[in-house]
Structure formats: C-alpha cells, structure tokens
Amino acid sequence: MRCPRLLPGLLLPLLLPRPTRAPAVGAAPFAPTWESLDARPLPEWFDQAKFGVFIHWGVYSVPSFGSEWFWWYWQNQKIPKYVAFMKDNYPPDFKYVDFGPLFTAKFFNASQWADILQASGAKYVVLTSKHHEGFTLWGSEYSWNWNAVDEGPKRDVVKELELAVRKETNLHFGLYYSLFEWFHPLFLEDKSSSFHAQKFPTAKMLPELYELVNKYQPEVLWADGDGGAPDSYWNSTGFLAWLYNESPVRDTVVTNDRWGDGCICKHGGYYTCADRFRPGHLLLHKWENCMTIDKFSWGYRRDAGITDYLTIEELVKQLVETVAYGGNLLMNIGPTLDGTISAVFEERLRQMGAWLKVNGEAIYGTHPWRFQNDTFTPNMWYTSKPKENLVYAIFFKWPISGQLVLAQPDALPGRTEVKLLGHGAPLSWTSLKPSGVTVQLPQLSIHQLPSRWGWALKLTNMI
C-alpha cells in the first residue's frame with residue numbers, strides 16, 4: 001500500500017525557518033509527492049562509502065539497563081525486570097526526567113571519538129540527535145529544559161562532534177532523528193484524535209527538523225519512529241521537497257525510508273526495511289543494514305555479558321555479505337553516560353579498521369558482481385569494479401591444501417592476473433572445466449598473513 005500523499009495546507013511556510021537558497025540552474029525541483037521524491041538520484045558518495053558507524057547516546061545511557069527503550073518498558077509496558085531494577089536502585093518517587101541531570105557526559109571528548117571513528121575505516125557516522133524519549137543532544141529551541149545544553153552535559157554535543165568529524169576525519173556527518181516522542185503531551189493528544197489533529201508536528205517535530213538541518217547540515221538524515229502515524233501527519237513529503245530543493249545540503253544529503261507508517265522499504269532515499277536487515281539476496285534499490293555490536297540493545301547497557309557482543313569475525317562477515325548484496329553496513333555502538341566509548345566497542349571499531357586497511361579495496365567503491373557468492377567454496381563473496389575489469393573474491397577459511405577453488409569466475413589465458421590483497425605478488429592459477437579457477441595461495445605462516453578474520457583476492461580480467 002502506498003503512503004498517503006500530503007494533505008493540503010500542511011506546508012507551514014510561516015512557522016518554519018528556511019534558507020533562501022534556490023535550486024541550481026537547470027535543476028528540476030522535486031514536488032512534495034512520493035513519485036517525485038523517490039525519483040531523486042541517490043548522491044554517489046553513499047553507495048561508495050559502504051560502511052558507517054551508528055551512535056546511540058541519550059538519557060537512556062544513565063540507567064544503561066536492558067535497552068534504550070528503558071523508559072517505555074518501565075513506565076508503559078511495566079516489564080517486571082525494569083520495574084524491579086528501579087525499585088532496587090532508586091527512590092520510590094524517582095522519575096525518568098530525574099535521569100537528565102545524571103547524564104553528565106563528563107568525559108566526552110569529541111576529538112577522541114573522531115580518532116576512533118577514523119581508525120574504524122568508516123566513511124560516515126550517524127549520531128542520535130534525539131531518540132523517542134525526546135531529549136535532544138543540542139540546545140533545541142523547541143525542547144525547552146529537555147536538551148543537552150540546558151540539562152545534563154550543559155554542552156552542544158551535536159556541534160562538538162560535528163566540528164571534530166569534519167575537521168579531523170574524512171567521514172560524512174549524519175544525524176538520526178526520531179519523529180515521535182513516547183510521552184509528549186501534544187503527540188499523545190494527536191494520537192487520541194487518530195492523527196487528525198497535527199499539533200505535535202506543527203509545534204515540535206517540523207520546526208526542530210528545519211533547525212537541525214540548517215544548523216548542522218547533516219549529510220545523512222536518518223528518520224525513525226513514526227509512532228504509527230502516516231507520512232501525511234508528519235508532512236514528510238513537504239519537508240523532503242524542501243530538503244532536496246532548498247536546504248544547505250540539498251546536493252549531498254541522503255535519507256532513509258522511515259518517514260511514516262507504511263513507508264519503510266517503499267519510499268524515501270535508501271531502504272532500511274527493518275533493524276538488522278539481511279535480505280539474503282541482491283537488492284537493486286540501495287539499502288542499508290543498520291545493526292548493533294551488542295546483539296540486544298542499541299544503547300549502552302551495564303548488564304551485557306561478553307557473549308552478548310558480536311565478535312570481529314562475525315562483524316567482518318556481515319560487512320562483506322552486506323556489500324556483496326548491494327548494501328551498506330551501519331554498525332552501532334552505545335557510549336556510556338559520561339561520554340566514553342567502552343573498550344569492547346573501541347576494540348571492534350579498531351579491528352574493523354585494521355581489516356579494511358588491507359582489504360578496503362574490495363569494499364569501498366565496489367559494485368555487486370553477477371554472482372554474489374560462490375557455489376563451490378562456502379562463505380566466499382564477490383564484489384566488483386566493472387570499469388577496471390576487477391572482481392574481488394573474499395574468503396574466511398584458509399584452505400589447508402593452499403588451493404582455493406573459485407567456481408564462478410572464468411580466466412582468460414595470458415590476460416587474467418590474481419593477487420592477494422596485502423601480499424602483492426601475482427599468484428598462479430589453473431582453469432577448471434566447465435568453469436572456474438583454482439588459485440594457489442602463498443605459503444605463509446600465521447604471522448605473515450596480510451590480515452586476520454578474512455582475505456581478499458583481486459582478480460583482473462576475469463569473465
């Protein structure tokens with residue numbers, strides 16, 4: 001079912017601050033309809049990037065128990081373990097807003113974060129500017145006394161990280177924004193009217209989004225949390241038309257598909273389809289696998305055990321599979337209430353960066369090949385660079401025999417060359433019948449291997 005179109009009279013031109021920048025000469029303006037907006041080409045940088053880091057940080061990082069949905073599970077769902085946690089650790093009259101002053105970000109150092117992000121090999125970062133709890137990590141004019149400048153850190157966290165990322169790294173800066181808020185009275189009032197009333201988007205969500213884009217100019221705008229309301233309630237098409245036509249990031253910004261109930265995997269920029277989305281086959285529309293290192297939570301949680309975290313082997317395999325199927329991987333970490341990135345998250349990020357330093361050529365700027373994985377050797381994945389006549393074969397088990405069978409590519413005698421990334425010297429190979437090649441891998445000790453957790457062959461002039 002298609003998302004409902006924009007309701008008349010919902011553009012709010014007088015309420016919302018907008019820049020005066022006009023569309024580029026010759027550019028066709030995008031109309032506030034899904035048909036027009038969905039036809040916008042995705043800026044090329046996003047497909048080339050392949051790997052980003054998601055950061056979930058907010059007041060939920062204070063209890064740091066169970067999930068970033070702590071407030072909802074405690075106050076609305078009244079899940080026993082959350083109720084018991086509060087009863088055992090806080091006074092009877094303690095409210096969720098009382099966590100606000102405890103969200104100190106005392107040790108938050110944007111430059112340190114930037115260093116870790118750069119070391120990870122990621123090409124973009126997405127910070128939760130506001131989650132469903134409504135607390136904004138900047139001094140929002142529309143979130144009085146429930147933002148990081150007025151409460152808790154007493155700092156503009158978004159600005160600090162934006163400056164550090166743009167000055168000290170080569171990453172694109174992006175922001176996550178939750179459209180709805182669990183307990184905002186205006187949203188609850190609108191919901192009680194079956195979203196015929198639109199007080200919340202008019203007074204809160206839309207002004208805040210325009211403020212966020214104009215002030216911080218994110219190159220990824222990651223919408224989430226429609227609260228069961230259609231895109232017509234949120235005026236999503238009107239906002240996106242402004243974003244693509246007039247905003248300061250209109251040429252470079254990418255957006256996702258979470259702009260109203262029923263829009264996911266159908267409308268917007270790239271598709272996310274679901275959290276931790278792994279389609280298992282090639283998708284022609286650009287997509288992203290947003291996933292967590294912690295298997296059970298997006299925010300930091302103190303009750304996580306070591307087996308709750310994905311290993312670097314699992315993360316590398318998920319990156320490779322995602323890219324082979326045409327997607328990007330957005331890998332999430334959750335900092336602590338005081339602004340530190342815990343050792344396990346930092347280790348995983350730096351390990352990923354170490355692997356990409358050797359094998360990134362087989363990831364960044366690649367395209368899916370005509371085969372995404374091998375039919376003979378298990379867990380071998382293919383990517384390609386058609387303009388350079390290159391195919392990459394990425395594998396995770398080094399054969400004891402030293403001979404690796406690739407059933408999909410065919411070699412051209414006298415023209416085909418095979419190299420192991422990080423090793424350099426051409427490798428010998430023999431053709432198989434009716435198709436495929438056997439590659440003789442170099443004899444290397446474990447300390448001589450060019451990388452850990454997986455290797456990539458560079459195949460030139462394969463068919």
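Predicted model: local features only at pLDDT ≥ 70, side-chain atom pairs only at ≥ 80, totals over all residues.
Residues are numbered from 1 along each chain as its sequence is written, and side-chain values use heavy atoms, with hydrogens and water left out. Local features need pLDDT of at least 70 and side-chain atom pairs count only at pLDDT 80 or more, whereas totals for chains, interfaces and linings use all residues.

Helices (H or I, at least four residues) and strands (E, at least two) are DSSP runs, numbered from the N terminus. Strand β1 spans residues 51–55, and five of its five residues are buried (under 20% relative accessible area, with a 1.4 Å probe and protein chains only). On one side of β1 the buried residues are F51, V53 and I55, and on the other they are G52 and F54. Two strands are taken to pair if DSSP finds at least two bridges between them. Strand β1 runs parallel to β7 (residues 327–333), to which five bridges join it, and F51 has L329 as its bridge partner there. Four bridges connect β1 with β2 (residues 124–130), also in parallel; here I55 is partnered by L127.

Helix α6 comprises twelve residues, 157–168. Its buried residues are V157, V158, L161, E162, A164 and V165. These pack against β1, α5 (110–119), β2, β3 (172–178) and α8 (199–216), where contact means heavy atoms within 4.5 Å. At the N-terminal end, α6 is capped by D156, a side-chain oxygen of which lies 3.3 Å from the backbone nitrogen of V158.

A nonpolar core is a set of buried Ala, Val, Leu, Ile, Met, Phe, Trp, Tyr and Cys residues joined through side-chain atoms within 4.5 Å. The largest such core has 112 residues, among which F239 and L243 touch the most other members. Helix α8 contributes the largest share of this core, eight residues. When residues up to four places away in sequence are not counted, F239 touches L206, L209, Y210, V213, L221 and W259. A second, separate core of 19 residues includes V391, L404, L406 and A411.

An open sheet of five strands has the order β8-β9-β10-β15-β12, with antiparallel pairing. Its edge strands, β8 (367–373) and β12 (417–420), each pair on one side only. Within this sheet, β9 (residues 380–385) and β10 (residues 390–395) are joined in the antiparallel sense over six bridges, and K385 stands opposite L390. Helix α11 (residues 312–324) lies across β8, β9 and β10 and runs at about 50° to β9 (axes are lines fitted to C-alpha atoms, for helices over the stretch in contact, and angles run from 0 to 180 degrees between N-to-C directions).

Conventions. Buried < 20%, exposed > 50% of the residue type's maximum accessible area, 1.4 Å probe, protein only. Expected span 1.5 Å × (residues − 1). Polar contact = N/O pair within 3.5 Å; in protein donor to acceptor, adjacent residues only side chain to side chain.
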